[in-house]
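Trainee: Could you walk me through this one? I am new to it and would like to start from the inside.

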Amino acid sequence: MGIPDRIERTIEVAHAPTKVWAALTTAEGLGNWFGDSATIELRPGGPAKVMWDGGYVIDLTVERVEEPTVFGFAWKMPGLPENNPYHTHVEFTLEPTATGTRLRVVETGFAQMPATIASNEFDGHTDGWPKELGELVDYLNAA
């Protein structure tokens, strides 16, 4: 059996899409819920970095910017050489609701990777997205 290629999570957020959008697409937002600090050039092809105080850094490439409804990026998986083409695609879709925003995150691209890396990353991201989305909600509630 191969590695699944898709992780999808949907949550209801009690905040307007514009506030959720800012949390997803600004350095301040990303650096407060996804990492400890961040940089981002919000344009297709733009670079972004998410950094943690312990020295861990994730390099992202912005892929889609359709304000205020779709934001997507690609990121390389750890453990692969710098010039390796394998990465996953993450896309956030925001939909206004009567009480705030329905936020869907979809991550794809695991099936293209070597099985040893894909399996570990798929499992880690499957467990990680609920935690990260919880941190996003906490950040939005505190702001």
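**The core and what surrounds it**

Mentor: In the largest nonpolar core, which has 35 residues, the members that touch the most other members are Leu 24, Trp 33, Trp 75, Phe 92, Leu 103 and Trp 129. A nonpolar core here is a set of buried Ala, Val, Leu, Ile, Met, Phe, Trp, Tyr and Cys residues joined through side-chain atoms within 4.5 Å, and buried means under 20% relative accessible area, with exposed over 50% and partly exposed in between (1.4 Å probe, protein chains only). Helix 3 gives the most to this core, with eight residues; helices (H or I, at least four residues) and strands (E, at least two) are DSSP runs, numbered from the N terminus.

Trainee: And where do these coordinates come from?

Mentor: This is a predicted model, in which local features need pLDDT of at least 70 and side-chain atom pairs count only at pLDDT 80 or more, while totals for chains, interfaces and linings use all residues. Residues are numbered from 1 along each chain as its sequence is written, and side-chain values use heavy atoms, with hydrogens and water left out.

Trainee: How many helices and strands are there in the chain?

Mentor: The chain has three helices and seven strands, and along the sequence they follow the pattern β-α-α-β-β-β-β-β-β-α. The radius of gyration, taken over C-alpha atoms, is 15 Å, close to the 15 Å that the globule rule (2.2 Å times the number of residues to the power 0.38) gives for 143 residues, so the chain is as compact as a globular protein of that length. Of those 143 residues, 39% count as buried.

Trainee: Back to Trp 33, what is it in contact with?

Mentor: Contact means heavy atoms within 4.5 Å, and, leaving aside neighbours within four places in sequence, Trp 33 is in contact with Ala 23, Leu 24, Phe 92, Glu 132, Glu 135, Leu 136 and Tyr 139.

Trainee: Is Glu 132 buried or exposed?

Mentor: Glu 132, which sits in helix 3, counts as buried because its relative accessibility is 14%. The C-alpha atoms of Glu 132 and Phe 34 are separated by 6.4 Å, although the two residues are 98 apart along the chain.

Trainee: New topic: which residues lie nearest the centre of the second largest pocket?

Mentor: Phe 34, Ile 58, Trp 75, His 125 and Glu 132 lie nearest its centre, out of 16 lining residues. On a 1 Å grid over the protein atoms alone, a pocket is an open set of points where a 1.4 Å probe fits, with protein on both sides within 12 Å along at least five of seven lines, and lining residues have an atom within 4 Å of a point. Helix 3 gives the most to that lining, with seven residues.

Trainee: What about Arg 9, where is it placed?

Mentor: Arg 9 is in strand 1 (residues 6-13), and it counts as partly exposed because its relative accessibility is 27%. Not counting residues up to four places away in sequence, Arg 9 touches Leu 103, Arg 104, Val 105, Thr 126, Trp 129, Pro 130 and Leu 133.

Trainee: Last one: which residues does a cis peptide bond join?

Mentor: A cis peptide bond joins Glu 67 and Pro 68, with omega about 0 degrees, and Pro 68 lies in the loop between strand 4 (57-66) and strand 5. As background, most peptide bonds are trans.
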